[in-house]
Structures are given as structure tokens and as C-alpha cells.
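Please open the model in your viewer and keep the selection tool at hand.

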Amino acid sequence: MNPNYNTTERELEYSLPFGPAHPGPGNFAVKLRLDGEKVVSAKADPGYLHRGFEKLMEYRTPIQNAVLSDRICVFEPLNWNLVHAQAVDELMDWNVPERAKYIRVVMVELSRIQSHIIWYGSMSKAIGFDTGFKLAFGYRDYILDLFENITGGRVYPAGYICPGGVRKDLGKNMPEKIRKTLNKINDMLSKFEKFDNLSILVRTKGVGILPLKKAIQLGATGPVLRASGLKTDIRKDDPYEIYSKLDFDIPTEKLGDSYSRLLILRREVRESIKIINQALNNMPKGNVIIPSLNSGTHINLPKGEVYVRNECSRGEGAMYMVGDGTEKPYRCKIRGPSLLHQIPVLEYLLKGSQIADVPAIYWSLNPCPADMDR
Amino acid sequence: MIINNVKGSKKMSSQILKTIVELLKNLFQKPMTVKFPHESIPIPGGYRGEHGFDIDKCRSCGLCANICPNKAIKMVKAPEEYGEKYPRLYPQIDLGKCCFCGLCQDVCPTKAIKLTKNVFLSTFDSKEVIKNPVPKK
Amino acid sequence: MNKYLEYQKENRIIRKISSKFKVEVSIQRKRRVWVAVSKKDLVEISNFIKGIGFKHLSAISVTDLIKEKNYELTYHVWSYQDNTLLTIKTRINRDKPTIDSVVSIWEDNAQIHERELHELFGVEFKNNPNLTPLFLEDWNNTPPFRKDFNWRDYVRDEFYNKENKREEPYWDAPL
């Protein structure tokens with residue numbers, strides 16, 4: 001190249017869309033500006049999956065909203081069912097039966113294991129480790145078979161956790177089937193630990209470091225915050241359902257890079273298995289829904305407001321509900337964890353990194369475009 | 001440099017051994033997938049599939065049409081050839097709008113609508129998408 | 001006496017705030033405290049509560065009170081030290097909604113929430129560095145989440161086809 005050729009830095013940069021394709025980042029686009037192989041700046045472009053949930057929920061009764069609430073995030077529908085059911089339960093101020101609370105915890109923890117398996121599979125595929133992707137999605141099917149038997153559908157349980165309890169009881173031999181499936185998940189975890197080979201370490205160690213102070217300032221929650229060093233979990237700090245009676249640990253790491261988030265994923269699945277075993281051993285007998293309530297009952301939401309926070313598998317999922325005396329909620333605001341992870345945190349982490357590290361950073365934050373756009 | 005190489009080669013050889021052991025274990029196991037449509041996994045009871053409607057039990061109360069979240073059920077008169085025996089209004093279900101949630105099954109007081117296990121509903125004929133209320137044969 | 005022992009942490013927080021500012025407070029249950037302030041004191045109070053440990057802004061939300069012609073803004077803040085959630089409520093005028101931004105206090109976390117509310121409700125946040133549209137593209141109508149925006153008429157005029165019989169249940173059905 002002629003050394004006398006006069007160019008400025010800006011003229012050598014080019015734009016590259018890390019675009020909204022499905023075997024890529026999902027339904028979400030990032031516009032990167034690159035200088036050779038280094039990322040100079042990144043701008044997020046959300047809105048491909050915006051359905052207007054908060055307005056849709058204002059025109060439907062609570063039992064119809066329970067069916068709608070499992071489409072807020074497709075990877076973990078049972079967790080969002082629980083957020084909506086808890087909001088209505090707290091507004092109405094009624095007593096949910098004990099057996100229903102135990103069943104809710106078992107279903108939510110199974111859904112959390114299944115969501116972490118998707119995280120591991122997508123992250124392996126983005127790095128290029130195809131074996132991990134295929135194994136992960138193969139083992140996820142055993143959990144979906146359980147859901148098929150209990151709720152009637154593999155992915156969408158259609159409001160199984162509804163305001164007042166759950167819609168149906170577990171079947172006759174369900175606890176043994178759940179324990180057998182958990183043994184298979186243990187096998188899967190030991191296989192994942194054997195795969196911690198050099199190629200995964202080289203691609204994820206030291207990549208995408210998020211220091212603790214910046215993490216709190218940018219609004220990160222859940223596993224991303226725990227990987228940066230803060231020992232906090234909503235199931236212990238702000239307990240709901242029966243979590244205050246159960247005994248489990250909170251895994252944390254200090255460094256805050258992609259490899260630490262991968263380690264936390266595996267340890268959280270082990271903790272969830274512990275929780276499910278304790279809940280199955282102590283489950284009482286009784287009703288599974290408030291006896292005077294069936295699908296055709298007319299519920300009037302009283303005047304008041306409530307804010308419910310839950311630990312979803314990606315972070316803090318919350319709902320703010322306002323009732324005004326009629327049968328439909330007046331305002332229903334949904335706070336998803338991915339809105340903060342995908343726009344401020346991602347733009348901070350991608351600045352100054354190499355282009356080959358972009359998928360490894362993006363998928364280690366466990367993004368879900370559906371609960372960002374709602 | 002030499003020490004690094006020796007350590008690196010030890011790690012590599014133990015890894016290769018682990019991989020070969022894992023390979024031999026999995027070589028003689030059944031695969032996780034089945035070859036659909038030649039074989040298939042049985043669908044369990046309680047699965048939410050197509051609606052089965054029993055017109056003799058229906059009371060024409062209209063509760064199913066009120067509770068459907070997507071407004072997929074509409075109360076219409078029965079087709080003309082059955083008009084004499086069944087003069088009231090009955091539910092007509094649009095399978096394209098239905099989300100198969102099962103609320104119509106839960107709310108029906110006489111259990112006239114029940115969800116069956118039939119999930120093979122794709123078709124080339126657009127008239128089959130709307131289910132009219134007809135008696136069973 | 002029992003209630004005092006039960007809500008010790010919450011009462012301590014209320015005492016710290018009431019000693020400096022004139023506000024209305026209420027305790028809903030354990031770990032939930034609600035505070036109502038006036039619009040001009042908002043930034044000062046937010047600065048104070050960030051100093052006593054409320055570092056995590058969980059959400060900002062707007063409720064459209066169409067009968068009283070107000071917007072009600074709620075700021076939900078969580079403290080990792082005290083394990084308590086504090087909610088701050090203010091009211092602003094509905095026809096000209098403007099308020100000072102809290103970006104100077106909770107930085108990037110607040111900036112994203114305010115950008116979303118500007119697009120969907122039309123609230124002007126002064127001193128927010130970036131209020132470009134987030135979800136919608138080329139939207140020229142009234143902000144869509146207001147209660148006087150009739151979404152059914154808009155969808156029917158723009159997208160529906162009157163000759164298609166399958167769209168009939170939606171024409172005259174109640175909202």
C-alpha cells in the first residue's frame with residue numbers, strides 16, 4: 001500500500017450487521033462497526049418480536065391471561081406462568097393450598113433445568129462445538145416428555161400454573177418418573193464435565209469480562225451478576241412459595257468472563273436437582289386448587305397494586321399489576337431480564353473485542369429476544 | 001518450553017484416551033432419535049389435540065365462546081340437513097385461530113367438548129380448517 | 001407491639017426518609033415500602049436513597065389514569081444490603097408529560113427504561129441522552145399504550161379485509 005496515501009481512520013471502518021437470523025443471534029440484530037478485526041462500537045437493534053403484551057393483557061380476564069402468559073418467553077413458559085399467578089394471588093389475598101405450592105416449585109425447577117440445557121446447547125453451537133449442541137437437545141427431550149404427561153403439551157403448558165393453584169394434579173406414578181429422569185440428567189452433567197477440553201477453554205476463558213461495579217450499574221441480574229462476584233439470589237433474599245423451607249446453595253464465581261458463566265450453569269443445574277428431590281420427598285396431600293374456583297368463576301380484581309419478583313433462569317423477572325375493581329387488570333407491566341442484558345451490557349462488552357469473540361460473548365449472557373421485546 | 005510441551009502432551013494423551021473410551025461406550029447404544037413416520041413414539045393420554053364434539057350433550061349456553069382467549073369459537077346454527085333435529089345454536093371452531101389451551105373443555109358444564117389425541121391436522125383444503133357442529137356418524 | 005418488631009427494617013428506612021423530606025409512606029407487607037412524592041422533589045429524593053443503599057433500579061412504569069387526566073410514574077428500587085423494595089410514585093400532567101430524568105443517578109439502567117416509556121406513552125424525559133425509538137419503526141400515530149388509542153379500529157382499517165369471512169368474529173365483538 002502506498003505510504004503517502006492520505007486516509008483517515010474513519011474511512012477504513014466498515015459496518016457489519018450481526019443480524020436477525022435464526023441460527024445466529026436469534027430474533028435480534030446488532031450493528032457492529034469494525035476496524036479490521038476489532039470492534040469499535042456496537043449498536044443494538046431490538047423490536048423484531050414486539051407483540052404488545054402489556055396492552056393485550058388489559059383486555060382479558062385473569063384465567064385467559066394465564067394462557068397468554070406462557071408466551072412471554074418461549075424457553076421458560078412455566079416460570080412466567082408463576083409470575084402472573086403470584087401477582088393475581090397477592091392482589092386477591094387468598095390462601096393457595098400447600099400441595100399446590102409444592103407442585104409449583106417442582107415444575108418451575110424442571111423448567112429451569114430445561115432452559116439451562118438450551119443455554120448450554122446454543123452456546124456450544126456458537127463456539128463451534130457441535131457434539132455438545134446435539135447431546136444437550138437430546139437430553140432436553142426427556143424433560144419435555146415429563147411435561148407432556150403432566151400438562152398436556154411439550155413446550156407450552158397453556159396456563160398450567162393458574163391463579164389459585166394448578167390446573168390438574170400430577171398423575172399416579174409421576175414422582176418415580178421424575179426421579180428416573182433426574183438420574184439421566186446427572187449422567188448428562190458428568191458427560192459435560194468430561195468435555196471441558198482445550199478448545200472450549202481457549203474460546204471462552206478471559207473473554208467478555210464484566211467487573212462487579214459495572215455490572216450493578218448496568219443493571220445485570222441473575223447468573224451474569226453471580227459470575228461477577230455478588231452472592232445474591234431472589235429465592236433466598238426475597239423468598240416466595242416454599243423456598244424458605246428448602247436447603248440449597250448459591251454458586252458464585254469471581255472473574256466474570258464467559259467461562260465462569262459456563263461453570264455457574266452446571267452448578268445451578270445440580271442445585272435444582274437437589275431442590276426437586278427435597279420437594280418430592282415432603283409433598284403433602286390435599287387439594288391442588290382453591291375449592292370454590294373453577295374456570296367459569298367470575299373473579300373481580302380489587303383496587304390496589306402489587307409488585308412481584310421472581311428468579312427466572314435468566315435473571316430477575318417481575319410484574320407490576322394494578323387492579324381497579326373490574327374483572328380485567330388496569331395495567332400490567334412486565335419486566336424481563338433480557339432488556340438489560342442485551343442492550344447496555346452487550347454494548348459495553350462488545351466494545352474493543354475481536355470479531356471472532358462476538359458469538360462467545362453474546363451467547364454467554366443467555367439472551368432471550370422474546371422477553372426483551374414482549 | 002520443553003516442560004510446557006511435556007505437560008501439554010500428557011494432557012492431550014489422557015484426553016485422547018478418555019475420548020476413545022467414551023466412543024466405545026456409545027458405539028453400541030441405541031440412538032436417541034426414531035425414524036418417523038415408519039416408527040413413532042406413542043402420545044400419552046391427556047394430550048391437547050383436536051376437539052371432539054358431542055352434539056347431543058350440548059346445551060347451547062355459549063360459555064365456551066365467551067372464555068376462548070382468541071375468539072375461535074362462534075355460535076352458529078347447525079348445517080341444513082340437521083336443522084330439524086337440532087334447531088338451537090352450536091359452537092363452530094376455527095382451528096387456525098385455536099391455541100389448544102383446553103379452557104373450553106374445562107368450562108363446559110355437560111362435557112360436550114373434549115380434546116382428543118389427534119395432532120395431524122395439516123391439510124391442503126382451506127375448508128377443513130373450520131369445524132362445523134355435526135353429529136357423529 | 002408485635003407489628004413494630006415485625007417491620008423493624010422497614011420502619012428504619014421510613015424514619016431516615018421522613019426526617020429529611022415531606023412524603024407519604026405506607027408499608028404493604030414485609031420487604032415492600034411505598035412512598036408518594038411530588039414531581040419537583042423526585043431527583044433529590046432519588047439521590048438520597050441511592051446513598052443509603054438502594055443501588056438497583058428494577059423497573060420504571062407509567063399508568064395512564066385517564067379519568068383523573070394524569071400519568072402516574074412508579075420507580076421500583078431494590079437494596080442488596082437491606083433486602084427491601086422501595087417504590088416511589090409521582091404524578092404528572094397527561095397532556096404535556098415532562099419530567100426530569102434520573103439518568104444522572106442510576107445511569108444506563110434508567111436510560112433504557114425511559115427510552116421505552118418515551119416511545120410507548122409519549123413522556124418527555126429532560127436530560128436523557130438518547131430517546132430514539134426502540135421497538136417500533138416509522139410510527140406516526142399517537143403513542144400506542146395510551147388508553148384513548150383504539151387499537152381495534154387501527155388494525156381493522158389498516159390490515160383487515162372485509163371480504164374474508166374468517167375475520168368476522170372480530171368486527172363487532174366487545175373489547
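Predicted model: local features only at pLDDT ≥ 70, side-chain atom pairs only at ≥ 80, totals over all residues.

Residues are numbered from 1 along each chain as its sequence is written, chains are lettered from A and ligands numbered from 1 in the order in which they are written, and side-chain values use heavy atoms, with hydrogens and water left out.

**Chains A and C**

Select chain A together with chain C, where 39 residues of chain A are in contact with 43 residues of chain C, contact meaning heavy atoms within 4.5 Å. The size of an interface is often given as the accessible area lost when the parts come together. Here the two chains bury about 3600 Å² between them, 53% of it on carbon and sulfur atoms; this buried area is what two parts lose on being put together, found with a 1.4 Å probe and summed over both. On the chain A side, highlight A:Lys55, A:Tyr307 and A:Tyr330, which lose the most area to chain C and together make up 18% of what that side buries.

Six salt bridges are counted between chain A and chain C, each being a side-chain nitrogen of Lys or Arg within 4 Å of a carboxyl oxygen of Asp or Glu. One to display is that between the side chains of A:Arg374 and C:Glu116, at 3.2 Å from N to O.

**Chains B and A**

Next, select chain B with chain A, where 20 residues of chain B are in contact with 27 residues of chain A, and where about 1900 Å² is buried between the two, 53% of it on carbon and sulfur atoms. How many salt bridges are counted between chain B and chain A? The count is one, and A:Arg167 forms a salt bridge with B:Asp106, with the closest N and O atoms 2.7 Å apart.

**A hairpin in chain C**

Now select residues 56-65 of chain C, which make up strand E3, and notice that ten of its ten residues are buried, that is, under 20% relative accessible area, as against exposed at over 50% and partly exposed in between (1.4 Å probe, protein chains only). E3(C) pairs in the antiparallel sense with strand E4 (residues 70-79) over nine bridges, where pairing requires at least two bridges found by DSSP. C:Ser61 stands opposite C:Thr74, and in the turn of the hairpin C:Lys69 has a positive phi of about 60°.

**Backbone details**

Most residues other than glycine have a negative phi, and most peptide bonds are trans. Select B:Phe36 and B:Pro37, which are joined by a cis peptide bond with omega of about 5°. Then go to A:Asn366, which has a positive phi of about 55° and is buried, with a relative accessible area of 5%. Finish at B:Ser60, whose phi is near 60° and which is partly exposed, with a relative accessible area of 23%.

Conventions:
Helix = DSSP H or I, 4+ residues; strand = E, 2+ residues; numbered from the N terminus.
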